[in-house]
Amino acid sequence: VMNERISREEVVKIYDIEVAFFDELEAVGLIQTEVVDQTTYLHYDELQKLEQFSNWHYDLEVNIPGLEIIHNLLDRIRSLQEENKRLSQGLR
C-alpha cells in the first residue's frame, strides 16, 4: 500500500541527511528499500532504524562500518535475551 512507505527524497529532506548516507545504509543492508517506477521507497517499519543510524552517524560521528558493528551486536544481544528468556521459562 502506498501510504506504508516514504520516498527516499522525502526521507532525506525530513531527516536532513545526505542521499549518499541513505544509499550507503541501503548498500550494506542496514535498511531495506523498494524501487517502484524508478523511485526508491523506504517502508515505515524501517524508519526507526534509519533514525537511529542517522543519529549515531551525525551526532556521534559513527561511520558506516561502525554502524554495521553496532547493529550486529544489538541483534546478537536481542537474540541472546530471547534465548535466555526461553531457557528460564523452561526451567520453571
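Modeller: E68 counts as partly exposed because its relative accessibility is 27%; buried means under 20% relative accessible area, exposed means over 50%, and partly exposed is in between, with a 1.4 Å probe and protein chains only. A word on the ground rules: this is a predicted model, where local features need pLDDT of at least 70 and side-chain atom pairs count only at pLDDT 80 or more, while totals for chains, interfaces and linings use all residues. Residues are numbered from 1 along each chain as its sequence is written, and side-chain values use heavy atoms, leaving out hydrogens and water.

So who does E68 meet? Leaving aside residues up to four places away in sequence, E68 touches V28 and L30, contact meaning heavy atoms within 4.5 Å. G29 is 39 residues from E68 in sequence, yet their C-alphas are 8.8 Å apart in space.

E68 itself belongs to helix α4, residues 64–91. Helices (H or I, at least four residues) and strands (E, at least two) are DSSP runs, numbered from the N terminus. From first C-alpha to last, the 28 residues of α4 reach 41 Å, close to the 40 Å expected at 1.5 Å a residue; that expected span is 1.5 Å times one less than the number of residues. At the start of α4, a side-chain oxygen of N63 comes to within 2.8 Å of the backbone nitrogen of G66.

In contrast to partly exposed E68, I64, G66, L67 and H71 in α4 are buried. An α-helix has 3.6 residues a turn, so residues three or four places apart point the same way. The buried residues of α4 pack against α2 (19–27) and α3 (47–60).

Elsewhere in the model there's an open sheet of three strands, in the order β1-β3-β2 with antiparallel pairing; strands pair if DSSP finds at least two bridges between them. The edge strands are β1 and β2, each pairing on one side only. Strands β2 (residues 33–36) and β3 are joined by four bridges, and E34 stands opposite Y41 in β3.

Definitions and conventions: A polar contact is a pair of N or O atoms within 3.5 Å; within protein, one must be able to donate a hydrogen and the other to accept it, and residues adjacent in sequence count only if both atoms are side-chain atoms.
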